[in-house]
Amino acid sequence: MSVPNMSRALRGWVKPTLIKKIEKMTVDFRVVETEIDFNVMLNKQPSPEKTIDRNLQGNRAWKWWSLIIQDTILLNVDDIIVINNIEYRILNITDWSESGFTKYTAIEDFT
Amino acid sequence: MIITELCNIIKNEMELAEGRIVIFSGSYNAPYDSEIFVIISQGNSKIIASKNEFDESTNEEVKTVTLYTNFTVEITSKNESAIERKEEIIMALTSQQALEIQEKESFKVFRIGDILDLTFIEGASNLYRYQIPVAISHLKQKRTNVNYYDSFEKTEVIDDE
């Protein structure tokens, strides 16, 4: 048994959001960062306190977020994205693409 | 820049694909595959000489510093390519192409150090990693405009008496 397709259930829960993904490429032997725009259906919410409690002591002070994107996997671990001029770093991906969404754990980037 | 020329020499001589050799920076991501990846970084410089000259033809101050700069070439791979091909770094730096680029860009590969095995740093992740120090003799020059006086007003001395 698996989770049914959640697309309909998510409809009222996500909203269209512009995400800028920072892509790294090598130009003339140097790393160059460029922004690529994605329009996605996003739900962004603070990570549950119970989850944060399980993290290491220093990591608990970081700003943890759960991002639910109504799409297949668009991002990778360690990717940096920008939502409303705030940078987030993807730390974990849960692939629920068979059910119509992907869940990411992100922190507000510290660099 | 010298570091870019070093990358060019190693990339061409080892026939590495685009993106397999980078200049060290805080933002590069190591590749996820098993193939060779080369990182070049710049270290300390020893000052050999510095001088200032005036170029009359252009009215410019010419400032020159001669240096020995230590560069570090690191070759890594998850498979055994780094073990098998690490010597090719030294071959590349002493190649005919390298000599031609050195003459064109006014620098000299002064000394190539021993190949250091840094594989142990990676521990259980099993990444082969070798470091080759390369000392390069080069000069840096900068030209700036300076004020130039070639005529002086005569001083008038008034004697009251």
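**Figure 1. B:Arg20 sits in the loop between H1 and strand S1 (21–23) of chain B.** The model shown here and in the other views is predicted. B:Arg20 has a relative accessible area of 14%. That value is under the 20% limit, so B:Arg20 counts as buried. Leaving aside residues up to four places away in sequence, B:Arg20 touches B:Pro31, B:Asp33, B:Glu35, B:Ile36, B:Phe37 and B:Val38. One of these contacts, B:Phe37, returns in the ring cluster of the next view.

**Figure 2. Ring pairs join B:Phe24, B:Tyr28 and B:Phe37 into a cluster.** Over all chains, the structure holds six aromatic pairs. B:Phe37 belongs to the cluster and is also touched by B:Arg20.

**Figure 3. A:Trp62 and A:Trp64 form a stacked aromatic pair.** The ring centres of A:Trp62 and A:Trp64 lie 6.0 Å apart, with 20° between the planes. The pair counts as stacked because its planes are under 30 degrees apart. A:Trp64 is buried, at 11%.

**Figure 4. A:Trp96 stacks with A:Phe101.** For A:Trp96 and A:Phe101 the centre-to-centre distance is 6.0 Å and the angle between the planes is 15°. A:Trp96 has 33% relative accessibility and counts as partly exposed. A:Phe101 is buried, with a relative accessible area of 10%.

**Figure 5. Two lysines lie over ring faces, A:Lys44 over A:Trp65 and B:Lys86 over B:Tyr130.** A:Lys44 is 4.4 Å from the ring centre of A:Trp65. B:Lys86 is 5.0 Å from the ring centre of B:Tyr130.

**Figure 6. The largest pocket has lining residues from chains A and B.** The space in this pocket is about 490 Å³. Its lining has 21 residues. Nearest the centre of the largest pocket lie A:Lys24, A:Met25, B:Asn29, B:Ala30 and B:Tyr32. Which element gives the most to the lining of the largest pocket? Strand S1 (residues 15–27) of chain A does, with six residues. By class, the lining of the largest pocket splits into 11 nonpolar, five polar and five charged residues.

**Figure 7. The second largest pocket holds about 290 Å³ of space.** It is lined by 15 residues, and those closest to its centre are B:Met1, B:Ile2, B:His138, B:Leu139 and B:Lys140. Which elements of chain B give two or more residues to the lining of the second largest pocket? They are helix H1 (2–14), strand S2 (37–55), strand S3 (60–77) and strand S6 (128–145). The lining of the second largest pocket counts seven nonpolar, five polar and three charged residues.

**Figure 8. B:Asp114 lies in the loop between strand S4 (107–112) and strand S5 (116–117) of chain B.** Is B:Asp114 buried or exposed? B:Asp114 is exposed, because its relative accessible area of 63% is over the 50% limit. Residues up to four places away in sequence aside, B:Asp114 touches B:Gln131, B:Ile132 and B:Pro133. B:Asp114 and B:Arg143 are 29 residues apart in sequence, and their C-alpha atoms are 37 Å apart in space.

**Figure 9. A:Asp37 belongs to strand S2 (residues 30–46) of chain A.** A:Asp37 has a relative accessible area of 47% and is partly exposed. Not counting residues up to four places away in sequence, A:Asp37 touches A:Leu18, A:Ile19 and A:Lys20. How far is A:Asp37 from A:Glu23, C-alpha to C-alpha? The separation is 10 Å, for residues 14 apart along the chain.

**Figure 10. Chain A has two helices and six strands.** Along the sequence, the pattern of chain A is α-β-β-α-β-β-β-β. The C-alpha trace of chain A spans about 50 × 35 × 25 Å along its principal axes. Of the 111 residues in chain A, 33% are buried. Among chain A contacts between residues at least 6 apart in sequence, 49% join residues at least 24 apart.

Key
Residues are numbered from 1 along each chain as its sequence is written. Chains are lettered from A and ligands numbered from 1 in the order in which they are written. This is a predicted model: local features need pLDDT of at least 70, side-chain atom pairs count only at pLDDT 80 or more; totals for chains, interfaces and linings use all residues. Side-chain values use heavy atoms; hydrogens and water are left out. On a 1 Å grid over the protein atoms alone, a cavity is a set of points where a 1.4 Å probe fits but cannot get out, and a pocket is an open set with protein on both sides within 12 Å along at least five of seven lines; lining residues have an atom within 4 Å of a point. Grid points are joined across faces, edges and corners, and a volume is the space filled by probe spheres set on the points. Helices (H or I, at least four residues) and strands (E, at least two) are DSSP runs, numbered from the N terminus. Ala, Val, Leu, Ile, Met, Phe, Trp, Tyr, Cys and Pro count as nonpolar, Asp, Glu, Lys and Arg as charged, and the others, Gly among them, as polar. Buried means under 20% relative accessible area, exposed over 50%, partly exposed in between (1.4 Å probe, protein chains only). Contact means heavy atoms within 4.5 Å. Rings of Phe, Tyr and Trp (its six-membered ring) pair if their centres lie within 6.5 Å; planes under 30 degrees apart count as stacked, over 60 as edge-to-face and the rest as tilted. A charge sits over a ring if NZ of Lys or CZ of Arg is within 6 Å of the ring centre and within 35 degrees of the ring normal.
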